[in-house]
Amino acid sequence: MKKEKVFSRALSAMLILFGVSVGAFGDDKLYDGYASNIKYFKPTARADEIPNSGEIPSDFLGEHLGTITYGGSGTSGVTSGNKLWGGLAPKNPDGSDNVWYDENGKKQFINFSNLDPLNPQSQNLSRRFGGDGTYVFGDIVTAGAPVIKPMPGDTMTSSGPNVYDGDFFNDGGIGDTFNSSKNEIKLPKGVTKDDIVMARLYWFGHLYNNNDKNDDDRKDTKLDDSYGPKNCTQAELDEVAKRKREGKLHRDASCKRFPKTLKIKALKDYKDVKLKVGNSSAYNVQREICEGIFAYNSSKGTNEGQAQVYDMKYSCSADITSFVKSNFKDYSESIDIAVGNVNATGRNPHYGSKGNQVWRMIDAYNGGSIDAGFFGGNARLLPFGGWYVVLVYDKNLESQQQLLDNPSKIGASDKDGAKQYIDKFFRPKNVTLYDGYLYMEPSPSGVSNEAQALAKSVYADFALSGFYTPKDENVDVQGKLVFASFGANRGPKTGEREGLFVAKIGEDLYSNKIPSNVYHPNSFFNGSRTWLELDDEGDYALQGRSGTAGYYNKGYHQGFDLDEFDISNKLDHGQSSLAIRVGLTPFKPQGSDTYESNRAYVQFVGVSVDLYTPKLCYNQKFYDTAGWLKFYSKETGEKITTVGDVDKPEKVVVGETLYYRTEIRNQVGNQGEGEDIEGAVVELATGASNTYNKNTAGINNTSLASKQLRNVEFSYLVDDKPGAYTTNKARLAEAAGGDDPRYTGKTIFTTNNNNMKFRIGSDAGGEMGGGEYAGGNIGKGQSAYIEFNATVGNTYVYTPMNYTLSYQMRLAGGEAITGPKTMLERCPDADPDEKLAISFLNGLKVVNQNFKDLKDRDKNSKQDDRLYTQVAELPFDVNMVFQPDINDIFHCSETNVAGEIKCDDWNYEYAGKDKEDKKIDLCSRFPMIFALNNDGKCQPINYEDGRIDYEPANGDLKDFDLPGRVSMSCYKGSR
C-alpha cells in the first residue's frame, strides 16, 4: 500500500469516515429549573357559584343557595290588613306565629366571594402571579374595554327616562355576539410566543331586571315572578288543608309559593365569553372562577309580593395563555384582543321606579346584619360590564440568546447592539399580581364635613417584599402599578384619602399619593384607560389616555377603569419592600349639601419593580494539549508554581480535548459599589461544540483573591460525589490519603441530567436535601475558580462556553432572597470571545488512485471516487481528499408538519406522527448557516433545490490545512 502524505492530526481513518447527524448534538440544560422562578397560582372554582344555567335553587324547605329569609329590611310594604309578611317557617320575623302558609316577603342572599359583608376593611385580593423571590426578564402589560356605551348623563344624580340607556358596544369583530369591544396590548420589539408566561382574561357585569323582553336569552332580563298555589306540591296543599282543619292556620290561608327555582335568562352563560386574538377565530372561554353577590327580593315596596327583583354584580377570570401564544406572531409589537358576550344589563335601571339595587353592602355594614343590606329605596346604580387582559412576558436567558444570535430581529446590527437592547427593554423585574373580588364603598352616614368624610374612608392594603432594587445610583430604578376596577360613578374630584398610594413599608401611605392630574381629571375610579409604553431608553412613558375630562360621549368608559401608573419616583436604590393602598372616601357632589358614597369593585392590582443583579463576570482561558503541558515540569511532571505565557489554540479538530480554567469574579464598581452574594451556583453550558469529560472538574473556593487565574491551585473533584483531592492521581483512585480536608463532606460539582453545576465561594457544598447542595458566599471584589476538560464535538462552528449564575442576597432585616438567574458576561479585562476554528472532518475521505485534482478549470467535475483494484489480490494506491458538504450534517428528510410542509422549522427535529418534535435550536447554534425568518421560524440562509448552500462546505474540493500525521487502518473483507 502506498502511503500518501496528507495533512491532519493523529486520527484513525475510521474516525474520520464517521458521519454526523443533527440529532447527535447534546441538549444543554442551562435553562432547566428556570420556571421555578415564576409562580402562577391558578384558582379553584367556588362550590357556591351561581349556576351557569341562570337557574338558581330557591326552595326554603329544600335545595337553595345562600340564605333565605322573610320580611325585614326592604319589604316594608308587605302587609295586607292584619296579614303580616308570611313565611314557611313556624314563626314570622316579629316572633308571632305564622298563620299564613305563604312566602310573602321572601328574600334570598348569595355571597359567592370572599367578602365579609359586615366588615368593609376585611377584604383583600389573592396573589395570582409572582411574589417574593420571583422574577422575569420582561414586564406586566394590560388591555381592556367596557361593553356598555356611556349614558348621556354625567353622574347618577341626573334623571329622565332616557338618561340611563347606555346600550352595548358590538365592534369587536368577533361575529355572532350581542356585545363586544376591542383593545390592544403594546410590547417591545423582540417578544416571541414562548416569552408569554401568563395571559389572564377578566370580565365583569351588573345584572338586574328591567323587564325588557328580548328574543336573545342573553339580553332578556325578565324574572319568572309567578306566585301562588301553582308553585306548591300536592303534599303542601294537603298539609295546608290539614293544618287549617286543626286550627293552626288562618281560615283564609292557602299555599302560595314563589318558584322553587329562580329562572333568569340574563344570567345564563355568564361564566362564558367569546375571545378573539389577532386574526383568530372566535374562541369560547370558560371561567376558572367567578365571584360576586346575588340578591333577590320578592316584595320590594309591594303588597302580596307581585314585583320580584334581583341584582347581581359579578366578576370572572380564566387563563388564556395557550390561546394567546398560539395566535401571536413572533416579534410583533402589539396584540389585538376582542372580547364579547359579556353578560350585563345595559339599560333602564329604574324599572317600576324601584331602582336596580336589591342589596347594598354599605347598608348591611351600617345596620350590622345581612338583612339590613336589603334596600327598599329607588336609588339607581349605573349599568356596567366589560373585560380586562393581563399579560406577563419573560425574555428568559434562552430567549435572550436567540436575539443575540439574530440581532436583526430587533433592528440591531450586531451582537453588542442586541445586548444593549436587551439590557434596556428586558430588565429583570419582580412582577406580582393580586386579583379577586374586592368591593369598596365608604359609608356617608353621619358625615357633614370633610373631616368626618376622611374618617369614614375605607381602604385595602397590599405589601410586596423579597425583591431588591439596583443599588447603583447611576442606574434608573423603574416601577409600574397596574390597576383595574369597575362599577364606580364618574363623580367629582375627591378627598385626600381617595386614590392609590405607594410608599416603602413603614412610611406614611397617605402622604404618598399618585397624582391624579397626570392620569385622571377627577378620581381614580372614574372611567379612564391609561397605559405606559417604553421609550427609546427603555423607560416608562405615558403614551395613552382615554375617558378623561370632557368625555361624555367621546370616550368616557362607564363603570370601567384600567390604568398603568409609573411609580418609579416612589422607589429608591437598594429598596426591598413596597406598600400599596387603595382608598375611597365619601364625597359631596357639586351643588349638593349632603355627602354621598361612591364605590369601586377592584378586580386586580399588579406591580412591576426593577431588580438588582450583582456585577459578577467571568474570565476564561482554554488550552490544547501542548498548551496544557506548559503548566507542568517536563522533568518531574509536577505543577509549575509560576506559569509563563501559554498561547490558546487557533484551530482544533473534532475529538480533540481542550482544557478550561475560569474565574468567577464579583466586581467592584468605579465608585466602590457592589454587593456580597450568598448561595452562588454556576451552571455550565458547554454548547454544541464541547462535551464535558467525566471527572475532570476542579475547584478553588478558598483563595478568593481576584485575577489569579493563571497561577491558582485547584483541588480535584469527582463528579456527583462529596469531597475533593489534592492530586489528579488521588482523584483517579479516590484515595482516602489524598483527600483535601477543606472540602470534606461538601458536594461542589454535579452533573445530573447533563446539567453541570459548580457551587462556588466559601462554605459551598453543604447538603440541602432533595439532591441539592448549597452555593457559597462571594464577597465584593472576591473570586472563585473552576476548571474542567471538554472534547470538541462534531460541529463546524465553535460555540463558546456559557456560564449562568444563581444566587441569593441578604436583606437588611436578615432575610435571604433569591435573585434573577443571570448569564455572566466576560470581565472587562478578560480576553475577547474565542475565535476558534474547527476543522470540518466530514468530507475527508480515502478515494481511488485515479481520482485527481483537475485544477480550477474543472476541479469539481464528477469523478468516480470508489476504492477498487485493477486485478484482484494485487497492491493498489489510494488518494485522500477533503470534500466537505454541510448537507451531510443538516438535511431535511422528514415531514415536520405531518402531510404539509417539509422542515417548516429547522429548530425542531421531527419526532414522528403524534409525537412532540424535539427542539434542537439550529439558529442559535449555527447563525452563519441558519436564521429566523419573518415568521420566527428557523430556515437555512441559502437554500435551493433541497440543498443548503454554504460556501465553506458546499461539497467542493477544499484544501485541508491542518498540519500533522494521520494513521490509517485497512481491513480486508471477504464475501
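Colleague: What makes β16-β22-β18 an open sheet, and which pairing does this order have?

Modeller: This is a predicted model, where local features need pLDDT of at least 70, side-chain atom pairs count only at pLDDT 80 or more, and totals for chains, interfaces and linings use all residues. Residues are numbered from 1 along each chain as its sequence is written, and side-chain values use heavy atoms, with hydrogens and water left out. The sheet has 3 strands with antiparallel pairing. β16 (458–465) and β18 (499–503) each have a single partner strand, so one side of each lacks a neighbour in the sheet. The twist averages 15° from one strand to the next; axes are lines fitted to C-alpha atoms, for helices over the stretch in contact, and angles run from 0 to 180 degrees between N-to-C directions.

Colleague: How do you know that β18 and β22 pair?

Modeller: Pairing requires at least two bridges found by DSSP between two strands. β18 and β22 (residues 577–584) have 5 bridges, in the antiparallel sense. V502 stands opposite I580 of β22. Strands themselves are DSSP runs (E, at least two residues; helices are H or I, at least four), numbered from the N terminus.

Colleague: Which strands pair with β32, and over how many bridges?

Modeller: β27 (residues 677–685) pairs with β32 over 4 bridges. V681 has R759 as its bridge partner in β32, and F749 stands opposite F758.

Colleague: Why are the residues of β32 called buried?

Modeller: Buried means under 20% relative accessible area, exposed over 50%, partly exposed in between (1.4 Å probe, protein chains only). M756, K757, F758 and R759 are all buried. M756 and F758 point one way, K757 and R759 the other. In a regular strand, side chains alternate between the two faces of the sheet.
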